[in-house]
Amino acid sequence: MREIRALVFDVGETLIDESRLWARWADRLGVPTLTLMGLIGGMAALGRSQMDALRLVRPDFDLLAESAAWRAEDPAGLRENFDADDLYPDMRRALGALRAAGYQVVLAGNQPPQAAGALAAMDLPADAIHTSAEWGVEKPDPAFFAKVASVVGREPAQILYVGDRLDNDVLPARAAGMRTALLRRGPWGFLHAARPEADQADVVIGGLDELTALLHPRV
């Protein structure tokens, strides 16, 4: 890990606990929270998306239409968004410690247009915040990770990408020449850490604080 100069973090279930978000979706769709959470876990195990879980509850589910209707009904609410109360408790501490140790810290994940503003409003210990909506490309597309290297301004081998998924984070970042950390957090994180492919990550961690112990200070 001595060549690492920058850490780039996924957002959902890496830095942001999405529990409240999905609980609001369960209320919106009229099912118990546990039911929707169980369906999301099932989709994770099958390698399918969260949207597939919503469509199991409502087969004609249209995300754009439902989000627009929800926004019209509750313009001041969080709805499908997040705020600082959704940050995992180790997030500020760990990222702050990494920056203090001399590492460049960047956030870059698959997020909708409004997420960049929400993250910026939290005054996070990060040098830059980027989203797939801003770039017009989503993980696991190789173009996303090429963009990561470009905005970070370093060689891929000097970048450690941290995320909770093999398919979206570890494997495509590794293919792009980056070092990788798989975080055992959220449904995908726990499931993917138990898979044989997890050994392709440079490290599997149980929390963000472990990164500060793995990386040598650069200042």
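## Basis of the model and helix H6

Helices (H or I, at least four residues) and strands (E, at least two) are DSSP runs, numbered from the N terminus. Leu119 has its place in one of these elements, helix H6. The model is predicted, so that local features need pLDDT of at least 70 and side-chain atom pairs count only at pLDDT 80 or more, whereas totals for chains, interfaces and linings use all residues. Residues are numbered from 1 along each chain as its sequence is written, and side-chain values use heavy atoms, with hydrogens and water left out.

Leu119 counts as buried at 1% relative accessibility, where buried means under 20% relative accessible area, exposed over 50% and partly exposed in between, with a 1.4 Å probe and protein chains only. Apart from neighbours within four places in sequence, Leu119 is in contact (heavy atoms within 4.5 Å) with Val11, Ile16, Phe82, Leu124 and Ile129. Between Leu119 and Ala108, which are eleven residues apart in sequence, the C-alpha to C-alpha distance is 11 Å.

## Helix H1 and its packing on H2

Helix H1 spans residues 19-29, and its buried residues are Leu21, Trp22, Arg24, Trp25, Ala26 and Leu29. These buried residues of H1 pack against H2, H3 and H4. Just after H1, Gly30 takes a positive phi of about 75 degrees.

Two packed helices are described by the angle between their axes and the distance between the axes. For H1 and H2 the angle is about 115 degrees and the axes are 8 Å apart; axes here are lines fitted to C-alpha atoms, for helices over the stretch in contact, and angles run from 0 to 180 degrees between N-to-C directions. The crossing of H1 past H2 is right-handed, a term for a near helix turned clockwise from the far one by less than a right angle, with anticlockwise giving a left-handed crossing. On the H1 side, Ser19, Trp22, Ala23, Trp25 and Ala26 meet Thr33, Leu36, Met37 and Ile40 of H2. By class, this contact of H1 with H2 holds seven nonpolar, two polar and no charged residues, where Ala, Val, Leu, Ile, Met, Phe, Trp, Tyr, Cys and Pro count as nonpolar, Asp, Glu, Lys and Arg as charged, and the others, Gly among them, as polar.

## Helix H2 against helix H10

Helix H2 (residues 33-46) also packs with helix H10 (residues 186-193), at an angle of about 35 degrees and with the axes 9 Å apart. The crossing in which H2 passes H10 is right-handed. Ile40, Gly41, Ala44 and Ala45 of H2 meet Pro187, Trp188 and Leu191 of H10, and the contact comprises six nonpolar residues, one polar residue and no charged residues.

## The largest pocket

The largest pocket holds about 1,200 Å³ of space. A pocket is an open set of points, on a 1 Å grid over the protein atoms alone, where a 1.4 Å probe fits, with protein on both sides within 12 Å along at least five of seven lines, and lining residues have an atom within 4 Å of a point. Grid points are joined across faces, edges and corners, and the volume is the space filled by probe spheres set on the points. Among the 46 residues lining this pocket, Glu18, Gln50, Met51, Asn110 and Pro112 are the closest to its centre.

The elements giving two or more residues to this lining are H1, H2, H3 (50-57), H4 (63-73), H6, H7 (132-135), H9 (166-175) and H10. H4 gives the most, with five residues. The lining of the largest pocket consists of 19 nonpolar, 14 polar and 13 charged residues.

## Loops and backbone exceptions

Most residues other than glycine have a negative phi, and most peptide bonds are trans. Arg79, in the loop between H4 and helix H5 (91-100), has a positive phi near 50 degrees and counts as buried at 10% relative accessibility. In that loop between H4 and H5 one also finds Gly77, which is partly exposed with a relative accessible area of 22%. The C-alpha atoms of Gly77 and Gly102, 25 residues apart along the chain, are separated by 38 Å.

Asp123 lies in the loop between helix H6 (113-120) and strand S3 (128-131), and its phi is also positive, near 55 degrees. Asp123 is exposed, with a relative accessible area of 65%, and its C-alpha atom is 9.4 Å from that of Ala84, 39 residues away along the chain. A cis peptide bond, with omega about 10 degrees, joins Lys139 and Pro140; Pro140 is in the loop between H7 and helix H8 (142-152).
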